[in-house]
Amino acid sequence: MNPRFSLIVPTLNRLDDMRRLFVSIQQSTLQDLEVIVIDQNDGPLLDALCEEFKTAFPLRHEKIKPAGVAHARNYGFQFATGEILNFPDDDCELTPDLLQQVSDRFAAKPDLDMLFGRAVDRETLTRSVTRFSEQAQPVTAGNVFSTTVEFTMFLKRQAWLDVGGLDEKLGVGTYFGAEEGSDFVLRALYMKKQLHYDPALLFYHAQKVGRYDAKEFARAFSYGRGFGRLTVKHLLKLRQLSALIRFLNFQARACAAVLIFAAQFKFSKSRYYLQTILGRIVGVFRSLPEFL
């Protein structure tokens, strides 16, 4: 009999974080699950850890060459047998009753294709990763960026097949370092899939933005390139004028942030938003030849 959940975990260079994730899975009140680890490390970094936790829950450990998180998640799907898919980040944790709540939501709403939760920082219990909405609501093209993140997504396996997996040219590990999740969600919405967001469904994930150092500037630029490619793909290939409107809106907001923080003498924060703006522009121009 197939499990209720398949948890597909792409990972690179994280041992202690993976242990914490495994412990959180072990402590889940629902254990009708399987875990598929897509290991992009060179060498045996996770071998002993995976062997240890194979006695706690069904666990499959597959190794691939580093090729990006979208590729790893797509690759992991071939091993999944569960009814509902989830793709935890290797540095997140599940809250104990999360899977049971998600299972109950899908059982209560048979027409639901995808369900999204939110992430909070374990230490502060404040929202992390993105500015999650506090209100439960249907996911729409207008609220994608306040209701969805890849690792908080639960979906039926048929929905994954219908939408067609993640765009492997987007996301961490690629030149266009983000937006593989929003691309997937938007394509699902174009297909009239039923998506819902519920902030009561909680993951723990440390809030890692806020240092505004060289590493953060590079990440902002890379993520911006992903947003640029997302815009060009949806505007030119998928014929969605809303992609251009969203791009202009987000750029205007980022420009305002640059000016406001500069006026407050918060120059590092101002530079962070400037890197985002520039990355988006670069992403647009680097993507145009692919879609023209």
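Predicted model: local features only at pLDDT ≥ 70, side-chain atom pairs only at ≥ 80, totals over all residues.
I looked up Lys 193 and found it buried, at 17% relative accessible area (buried is under 20%, exposed over 50%, partly exposed in between, with a 1.4 Å probe and protein chains only). Its partner is Asp 162, in a salt bridge with 2.6 Å between the closest N and O atoms (that term needs a side-chain nitrogen of Lys or Arg within 4 Å of a carboxyl oxygen of Asp or Glu). Asp 162 sits in helix 6 and Lys 193 in the loop between helix 7 and strand 9, so the pair ties together parts 31 residues apart in sequence (helices are DSSP runs of H or I with at least four residues, strands are E runs of at least two, numbered from the N terminus). Asp 162 itself is partly exposed, at 32%.

Residues are numbered from 1 along each chain as its sequence is written, and side-chain values use heavy atoms, with hydrogens and water left out.

Next I checked Asp 89, which forms a salt bridge with Arg 73 at 2.8 Å. Asp 89 is in the loop between strands 4 and 5 and Arg 73 in helix 3, so they tie together parts 16 residues apart in sequence. Arg 73 is buried, at 2%.

How many salt bridges are there in the whole structure? My search gave 21.

Last, I looked for disulfides (cysteine sulfur pairs within 2.5 Å) and got zero. The sulfur of Cys 92 is 15 Å from its closest cysteine sulfur, in Cys 50, so that is too far for a bond.
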